[in-house]
Amino acid sequence: MSQSGTISIPAKTSYTVSYNANGGSGAPANQTKWRDQTLKLSTTKPTRTGYTFQGWGTSASDTSADYASGANYTGNASITLYAIWKAITYTVKYNANGGSGAPANQTKTYGKTLTLSDMIGLKIIVPLVDKNNKAVDVEKSYVKITKSNDEYILKINIDKNLKIV
């Protein structure tokens, strides 16, 4: 006895995981995620000058990552993941070069303007003579430079018994 018939096998549902470098470059290629199966996200990390990659978010405006590179994705839906970036910061240090009065360190964030400190600590040697015109080397440990309108003003206090040569 033989029988014939048709058996229907439903197609397996698939979803697309796509990546957007969000201002960077080198986003991974799309991946296919199958229904009810776990997908390991790509370990490829995009790059962007002046920024460090923080992971993947679900919106271009996210500021924190929902997924790390290589993390598991279990959702049964197509999704676009956006690179999350953090601007690199730099410390600007002032060195009075043996003098005093150097300004405090400042932090520079990539892509943002930093106004440098107006205060400058310097160590200079001013050639001086005493009342008898005998040369005296007096070291001044602090000179203050200030800015007023478009002028820089240099202030040095010198002993009244000495004069600049």
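The legends below describe close-up views of a predicted model. Residues are numbered from 1 along each chain as its sequence is written, and side-chain values use heavy atoms, without hydrogens and water. Local features need pLDDT of at least 70 and side-chain atom pairs count only at pLDDT 80 or more, whereas totals for chains, interfaces and linings use all residues.

**View A. Strand 1 and strand 2 pair in the antiparallel sense.** Strand 1 covers residues 14-20 and is joined to strand 2 over 4 bridges. Strands are DSSP runs of E with at least two residues, numbered from the N terminus, and two of them pair if DSSP finds at least two bridges between them. Gln31 in strand 2 is the bridge partner of Val17. Strand 2 (residues 31-34) has Gln31 and Lys33 on its covered face, with Thr32 and Trp34 on the uncovered one.

**View B. Asn22 lies in the loop between strand 1 and strand 2.** Although Asn22 is not a glycine, its phi is positive, at about 50°. Asn22 is partly exposed, with a relative accessible area of 21% (buried is under 20%, exposed over 50% and partly exposed in between, with a 1.4 Å probe and protein chains only).

**View C. Arg35 and Asp36 form a salt bridge.** The closest N and O atoms of Arg35 and Asp36 are 3.9 Å apart. Arg35 is partly exposed at 39% relative accessibility, and Asp36 is exposed at 61%. Asp36 belongs to the loop between strand 2 and strand 3 (39-40), and its phi is positive, near 65°.

**View D. Aromatic rings form pairs in the structure.** The structure holds 5 aromatic pairs; rings of Phe, Tyr and Trp (its six-membered ring) pair if their centres lie within 6.5 Å, and planes under 30 degrees apart count as stacked, over 60 as edge-to-face and the rest as tilted. Phe53 and Trp56 are edge-to-face, at 5.1 Å centre to centre and 65° between the planes. Phe53 is buried at 17% relative accessible area, and Trp56 is buried at 0%. The pair of Tyr67 and Tyr73 is also edge-to-face, because its planes are at 75°, with the centres 5.9 Å apart. Ring pairs link Tyr19, Phe53, Trp56 and Trp85 into a cluster.

Notes:
Salt bridge = Lys/Arg side-chain N within 4 Å of Asp/Glu carboxyl O.
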